Amino acid sequence: MKHLAWVAVNLVIVILLFEVVVTCNARVVHSARKLRVLAAKYNVTCILVFGDSSVDPGNNNNLPNTWHKGNFLPYGKDFGHSKPTGRFTNGRLSTDMIAEALGYTNTIKAYLDQNLMDEDLLHGVSFASGGSGYDDFTADNITNVMSLRKQLDYFKEYKTRLGKLVGEESSHRIVENAVFILSMGTNDFLQNYYIDPTRSQMFTIAQYQGFLINCMENYITEMHSLGVTRLMVVGMEPFGCMPMIKTLTNNVDCNKEMNQVALSFNILLKAKLLTLEKTLHMSTIFVDIYGVIQNTLQNPTKYGFTESKKGCCGDGLTQFGASLKGLSICTNRSKYIYWDAVHFTEKMYYIIAEESVKSLIASL
């Protein structure tokens, strides 16, 4: 009888879990269909991406002087046939999933990908570079990757290539109706303020936040002059909850000071976007990932996670990037929020993509 009772309880659990998965998938499919209808109505042509490792699909693979790469296992463990692409996760990124929701392609190619084809330019590409930030000092002097300035230079080159491919008129239409995604900021604070002393000796944290907002404003103004009319800006994550940060600051819980920096920066960022929307007459979308990530970390089982304090790779507390080479990984990646000590798993990026899609739907 006890055995039968145990079987019955487990059967109920399986049924409940199945219902949760079906409900989530149905919600996502519905959102994707709604987004595609709106994208067609408003002539959304493709997505073009700028940012850091949260949206870099492999541009850093082709940069010779940086250690900030993810083109080796265990990165890419669940991408195709365990193919490391340069994405800093086990599978796809949120931008890949957004592109799929729009109906264009299930992966966004890196602009520096040596196998990039002309047709890829029509679907959208990513200029993002892991380790970059709003402050060009971050990329140019600390991580040796592509600064936002360099990413914009490549965007100009992209426009020239696109014009030769489809003609100037069609090229202008594609850019004007594209959705641009900008996702960065974490490296500015972690690498460039809290670890490297250069900026912290020049600015208080409040002053540096203002400096970054001014940098962002200048770049968005330039992007608008290059034809950008729809811009989605991803807010700061609660980076005080990263396993690496908790380890370095000897905290069991999230670092409250750093999370407060992220929160206050998001307030400034959102306010600046509203101002730019009015002055530049462009559409801006703010994606509040802070709340989504924080909610997931505080209620992991609600989203099917069982591990929220450490990453799947190595000890899950300190390693990321090159330090992961040769290290073991967890068996069930879908149960982990963090992939390494800094970056998220594909499943967490899926949750972030869902929030981004909702924001995009609301804006169209």
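**View 1. A salt bridge joins Asp135 and Arg199.** The side chains of Asp135 and Arg199 come to 2.7 Å, N to O; a salt bridge here is a side-chain nitrogen of Lys or Arg within 4 Å of a carboxyl oxygen of Asp or Glu. Asp135 sits in the loop between β3 (125–126) and α4 (136–143), and Arg199 belongs to helix α8 (residues 197–202), so this pair ties together parts that are 64 residues apart in sequence. Helices (H or I, at least four residues) and strands (E, at least two) are DSSP runs, numbered from the N terminus. Both Asp135 and Arg199 are buried, where buried means under 20% relative accessible area, exposed over 50%, and partly exposed in between (1.4 Å probe, protein chains only).

This is a predicted model: local features need pLDDT of at least 70, side-chain atom pairs count only at pLDDT 80 or more, and totals for chains, interfaces and linings use all residues. Residues are numbered from 1 along each chain as its sequence is written, and side-chain values use heavy atoms, with hydrogens and water left out.

View 2. Glu100 pairs with Arg92, their closest N and O atoms being 2.9 Å apart. Glu100 is partly exposed, at 34% relative accessible area, while Arg92 counts as buried at 17%. Over in helix α13 (residues 346–363), Lys358 and Glu355 lie three residues apart, about one turn of the helix, and their side chains meet in a salt bridge at 3.9 Å, N to O. Lys358 is partly exposed, with 45% relative accessibility. Then there's a network of salt bridges that links Arg149, Asp153, Lys156 and Glu222.

**View 3. Strand β1 is covered on both faces.** Five of the five residues in β1 (residues 47–51) are buried. Ile47, Val49 and Gly51 are on one side, with Leu48 and Phe50 on the other. β1 pairs with strand β4 (residues 179–183) in the parallel sense, over five bridges; two strands pair if DSSP finds at least two bridges between them. Look for Gly51 and you'll find its bridge partner in β4, Ser183.

**View 4. Leu182 and the largest nonpolar core.** A nonpolar core is a set of buried Ala, Val, Leu, Ile, Met, Phe, Trp, Tyr and Cys residues joined through side-chain atoms within 4.5 Å. The largest one has 107 residues, and those with the most contacts inside it include Tyr134, Phe180 and Leu182. Leaving aside neighbours within four places in sequence, Leu182 is in contact (heavy atoms within 4.5 Å) with residues including Phe50, Tyr134, Leu148 and Ile220.
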